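Subject: Structure handover

Dear colleague,

Here is the structure you asked for. My notes on it follow below.

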Amino acid sequence: MHNVVIVGAGPAGLSAAIAAAAAGAPVLLIDSNPRLGGQYWRLPADNFGDQHNQHFDLDTGLLLINAVKDRKEIEIYSGAQIWSATHKDGINTLRVLHNGVEKIINTGNLILCTGAYDRALPFPGWDIPGVMTPGGVQSLLKGHGVLAGKKVVVAGSGPFLLPVAAGVIKAGGEVVELLEANKSYRWLLSPFVLLENVGKVKEAFYYIKTISQAKLRARFGQAVVAAHQGSDGNLESVDVATIGRKFKIKKIRNVKCNVAAVGWGFTADTSLAGALGCKQSVAKDGGVVVVADQDQQSSITGIFVAGEITGIGGSELSMAEGVIAGISAAKYVGCKVEVLKAHRKRRAKKQRFANALIKSYPVKAGWITWLSGQTIVCRCEEVTVDNLKYAIEELGATDSRTAKLLTRCGMGLCQGRVCGRSVVDLVAAELNISPSDTDRFSAANRPIISPIPLGVLAKGE
């Protein structure tokens, strides 16, 4: 019988599971991937040999993964998807699809470590085959040993671009351009944070070494603003713009490639937390995150949260939060354990680095000026910028939710995971208002957490 149920087996979930089990609490660890490690320590389905060259700190990941597997107190559901969740009278009910069978799990003690996914911004041609997110390119490499393309442009903003570019190079591909939209000197805004997080600097140089050996030089203040397809329908080239401080285009050049990996940081996956009713807030970068107290407890007693859903901060912050969440959850079920001052100190240090990331890699509203009227915003439902404008100007939409109902924007298979945040920004810009927290929350949450077949739903309990 499990006392602590943990959702997500990335850095935060693994750390939480070990901490809770070490305190004496039986644990059930649920994860949607076939193998432990999450997106960060994604491992291949088959043995492709040594995977260290695709990971900076795989040893840490393997240490945590093996420790979880060795703990008799931890039961693991891999390849399991939670499609629905409710909270009532102190009990959390999770409807889980595991091995093709629906299971209902009731628990009063839950740790959510659901992580994050790539943030994508629409631009003309972003729906062309060959345009991907950096996370998609890396998942193919780590999870399947597959190189997405031979001539790759890696672009957008954030430190994640470095390991993706390095991974493509190590796999035998050519990174023809490495483009960071922000200026390199922005890290000078947080000098003391760099000094106390020397390990992160070492990690950056680890990737820079590989990139330099390939004679590739990163270009700053540049972004992919359009993509073009060839006669076969696949990506042939991208337009690269030199952009100003507010992301307005100054000049454009064309670059040949067959894959464009374009990403703008990450979006926290708050779907499960939202379904349970956990309080959320809008972070400094405009993303929606789950509110947590000093013990990583959410607004609902007995539900703890850790990792990227509390704010994008990287693997080390996720692990620090995971440890505190695991200890707090174990204490909640009666284990005699306490969160130590050292645990909180480590989390605070990593949190300062996370705050510096937001300051160093902002996404400015000028990206909206890259779009044309025919640019697809919602790829699932093929809704364009002009469709959104029509909903506002002719049909009277005054917020993003109404625009969504009038256009079906965000009502396709992904349920707005990809386009939701962009739609909120576009509608607000068209109305010349600031996006409301209500619109942000609406775009981040959905009643069906994971799409499921109707047949499975019909057979459910």
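**Contact between domain 2 and domain 3**

Between domain 2 and domain 3 there are 2 residue pairs in polar contact, with both residues at pLDDT 80 or more. A polar contact here is a pair of N or O atoms within 3.5 Å; within protein, one must be able to donate a hydrogen and the other to accept it, and residues adjacent in sequence count only if both atoms are side-chain atoms. On the domain 2 side that touches domain 3, there are 5 nonpolar residues, no polar ones and 1 charged (Ala, Val, Leu, Ile, Met, Phe, Trp, Tyr, Cys and Pro count as nonpolar, Asp, Glu, Lys and Arg as charged, the others, Gly among them, as polar).

This is a predicted model: local features need pLDDT of at least 70, side-chain atom pairs count only at pLDDT 80 or more, and totals for chains, interfaces and linings use all residues. Residues are numbered from 1 along each chain as its sequence is written, and side-chain values use heavy atoms, with hydrogens and water left out.

About 610 Å² is buried between domain 2 and domain 3, and carbon and sulfur atoms give 68% of that area (accessible area, 1.4 Å probe, that two parts lose on being put together, summed over both). Pro 122, Pro 124 and Trp 126 lose the most area on the domain 2 side, together 76% of what that side buries.

The centres of domain 2 and domain 3, taken over C-alpha atoms, are 27 Å apart; the bounds come from an automatic or database domain assignment.

Regards
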